[in-house]
Amino acid sequence: MFNKVIALIDEANNQDPNSEQHNGENFPKESLYALRMSEMLTRFKPDANELMQIAVRAQHIQRWKSPRSDFEMNKQGYHQWRSALYIFHASSVVTLMQQAGYGEAEQNRVYDAVAKKDIKRNPDSQLVEDVASLVFIEHYMLGFANAKPDYNEEKWIGIIRRTWQKMSDEAHEFVLAGNITLPAPLVGLIHKALE
């Protein structure tokens with residue numbers, strides 16, 4: 001069942017019309033993201049059970065099908081989009097889990113984790129949030145910074161602090177112990193934000 005649902009998640013993400021380069025090779029964007037999530041989970045929580053491996057792999061499943069442009073381009077629209085994404089991703093992975101033969105209790109646990117239910121209180125949701133934050137810092141923060149040249153230092157410190165606040169103490173320790181690669185041009189800013 002586990003191998004089947006992972007294959008179904010990967011098959012879904014391989015349909016992404018958007019691509020991203022990694023080591024000189026083109027990947028479907030969400031396929032590469034899913035692989036990075038799984039790789040980070042292996043580093044951060046190597047003993048994670050199979051349900052959390054599924055949740056982490058499906059965190060962004062078929063994200064391109066719910067574009068930001070479908071919502072108002074303001075703060076409220078952004079939050080509505082994020083909430084809709086959580087439900088979309090969670091529902092999508094549950095459908096694939098049903099196809100693979102997982103039971104209702106297992107489906108519900110993965111749904112809650114991917115939908116980010118009760119973050120800070122639900123350890124499954126917090127684990128997905130931790131891994132997503134670690135992947136963002138290591139792989140996407142620099143690209144995000146380069147795409148926002150109008151953001152000043154104060155704005156960036158706020159973004160870094162908000163990312164940090166989403167993470168558990170365990171994830172903080174993981175970063176501070178040097179277990180992820182920080183984006184070199186942003187290291188000074190990251191240290192400043194965390195002081």
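This is a predicted model: local features need pLDDT of at least 70, side-chain atom pairs count only at pLDDT 80 or more; totals for chains, interfaces and linings use all residues.
User: How do you know that the radius of gyration agrees with a compact globule?
Analyst: Set the value against the rule. The globule rule is 2.2 Å times the number of residues to the power 0.38, and the radius is taken over C-alpha atoms. For 195 residues a compact globule would come out near 16 Å, and the protein has 17 Å, so the two agree. The C-alpha trace spans about 50 × 40 × 35 Å along its principal axes.

User: Which helices and strands does the protein have, and in what pattern?
Analyst: There are nine helices and two strands. The pattern along the sequence is α-β-β-α-α-α-α-α-α-α-α. Both kinds of element are DSSP runs numbered from the N terminus: helices are H or I with at least four residues, strands are E with at least two.

User: Why is the pair Asp 124 and Arg 109 called a salt bridge?
Analyst: The term needs a side-chain nitrogen of Lys or Arg within 4 Å of a carboxyl oxygen of Asp or Glu. Here the N to O distance is 2.5 Å, so the pair qualifies under the 4 Å limit. Asp 124 lies in helix H6 (residues 123–146) and Arg 109 in helix H5 (residues 104–114), so the pair ties together parts 15 residues apart in sequence.

User: Why is Asp 124 called buried?
Analyst: Buried means under 20% relative accessible area, exposed means over 50%, and partly exposed is in between (1.4 Å probe, protein chains only). Asp 124 has 11%, so it is buried. Across the protein, buried residues make up 46% of the 195 residues.

User: What makes Glu 129 and Lys 116 a salt bridge?
Analyst: Their side chains meet at 3.3 Å, N to O. The pair links distant parts of the chain: Glu 129 is in helix H6, Lys 116 is in the loop between H5 and H6, and they are 13 residues apart. Glu 129 and Lys 116 are both buried.

User: Asp 118 or Arg 121: which counts as exposed and which as partly exposed?
Analyst: Asp 118 has 45% relative accessibility and counts as partly exposed. Arg 121 has 66% and counts as exposed. These two form a salt bridge, with the closest N and O atoms 3.0 Å apart. Elsewhere, salt bridges that share partners join Glu 39, Arg 43 and Glu 138 into one network. A search of the whole structure finds nine salt bridges.

User: What does Lys 166 touch, and where is it placed?
Analyst: Lys 166 is in helix H7 (residues 153–166). Leaving out residues up to four places away in sequence, Lys 166 touches Lys 120, Gln 126, Glu 129, Asp 130 and Ser 133. Contact means heavy atoms within 4.5 Å. Lys 166 has 40% relative accessibility and counts as partly exposed.

Key: Residues are numbered from 1 along each chain as its sequence is written. Side-chain values use heavy atoms; hydrogens and water are left out.
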